[in-house]
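Colleague: Could you walk me through how to read burial and packing in a model like this one? I'd like the general idea each time, and then the case at hand.

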Amino acid sequence: MSTSSCPFYAVLFIRLLGSYIHFKSIVMKKLLLLFLLPLMCIDSFGQTIVSTLPENKRAVVEDYSGVMWESPYSHKRIQHMQYAYPEHVFAICIHEGENAIPGGDEYLDLRTPWGPELLAQTDYLADYLTVTVNRHYFPAHAHNNGTAMHADGIQEAIETIMLDVAYVNVAAEASIDLATNELTVHVEAYYTANSPQNTNYLNVALVQNELVSWQEGRMRNPNYCTTNENEYREMAVLRHLLTGQFGDEIATTTSGTFIDRYYTYTIPDYIEDIEVDLTNLEIVVFVTETTQEIINGNSCEPVIVGPPIVKMRSSL
């Protein structure tokens, strides 16, 4: 072999080595893709809307309202916190008690079948406005020895709750089919740590905004007043509990547990003679340890699907 041919073989060797490295790279990439593809598929059939990372608690505020009561005093404080933390504070106004009984035709009767038991478990004093924040006991603001608390403690209670780490996250999405009035709610929950209780409960509440009624003490919250005398915009009013009085049982509550559930409800045109406006509905979901102690919550607005349906009313 002449020495003049060495550069040729050297170049050929380098090219062959480069081709081998390129080929090996392609094979490795394909092998990597084949390895990752099943994992990607597994994830696509797993959680889709709930976070799997540890998060702090979100606040679920239940206000025991009444049209014959100074409830706007509480509403204003809840509203202030919702403005400050729009994705972390959710309200449910449960109209219950003697002060929720309408004093005339101008007042709406917004009571529900679930109100009596919910209020009864708070250990409330009838002479005071009653609010609960995550159904947690706050000694400094409590009426007695239960979860019922005074309205003046709303801000501090919410801020305290949001400092705690939640062991379960929850999220929801919903839609309403205009052709059938069927509400479908998809809820996911993920346990980032173990619950101290073997059984938890998933709750799904349907609330309605912009219900106009006469309201005592309306000027305590001018933001919800209309231009008409005595009228007030009732917000976040509980209309239905899709999971019953105290929720749907979660039997496995250990770290890594994933909950994926669907709930349906055919929304009537009227609930207790009060019209349901499909465009002003909201879903509030939350997980409790028992019938008390809400660990985490979330909310969503239903997406309305399908063509609008014109409902004709006879004049006869």
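Colleague: Is Val168 buried or exposed, and why?

Modeller: Buried means under 20% relative accessible area. Val168 has 0% relative accessibility, so Val168 counts as buried. Keep in mind that this is a predicted model.

Colleague: Where does Val168 lie, and which residues is Val168 in contact with, leaving aside neighbours within four places in sequence?

Modeller: Val168 belongs to strand S6, residues 168-177. With those neighbours set aside, the contacts of Val168 are Ala189, Tyr190, Tyr191, Thr192, Val287, Ile295 and Asn296. Take Val287: 119 residues separate Val287 from Val168 in sequence, yet their C-alpha atoms are 8.0 Å apart in space.

Colleague: Let's turn to Asn298. Why does Asn298 count as buried?

Modeller: The cut-off is again under 20%, and Asn298 counts as buried because its relative accessibility is 12%. Asn298 sits in strand S17, residues 294-300.

Colleague: What does the side chain of Asn298 reach?

Modeller: The backbone oxygen of Val170, at 2.9 Å. Beyond four places in sequence, Asn298 has contacts that include Arg58, Phe90, Val170, Ala171 and Ile283.

Colleague: And helices? What span does H2 have?

Modeller: Compare the span with the one expected at 1.5 Å a residue. H2, residues 72-84, has 13 residues and reaches 18 Å from first C-alpha to last, close to the expected 18 Å.

Colleague: Which elements do the buried residues of H2 pack against?

Modeller: Strands S2, S3, S4 and S10, together with helix H4. Among the buried residues of H2 are Pro72, Tyr73, Ile78 and Met81.

Technical notes:
Residues numbered from 1 in each chain as written. Predicted model: local features only at pLDDT ≥ 70, side-chain atom pairs only at ≥ 80, totals over all residues. Heavy atoms only, no water. Helix = DSSP H or I, 4+ residues; strand = E, 2+ residues; numbered from the N terminus. Buried < 20%, exposed > 50% of the residue type's maximum accessible area, 1.4 Å probe, protein only. Contact = heavy atoms within 4.5 Å. Polar contact = N/O pair within 3.5 Å; in protein donor to acceptor, adjacent residues only side chain to side chain. Expected span 1.5 Å × (residues − 1).
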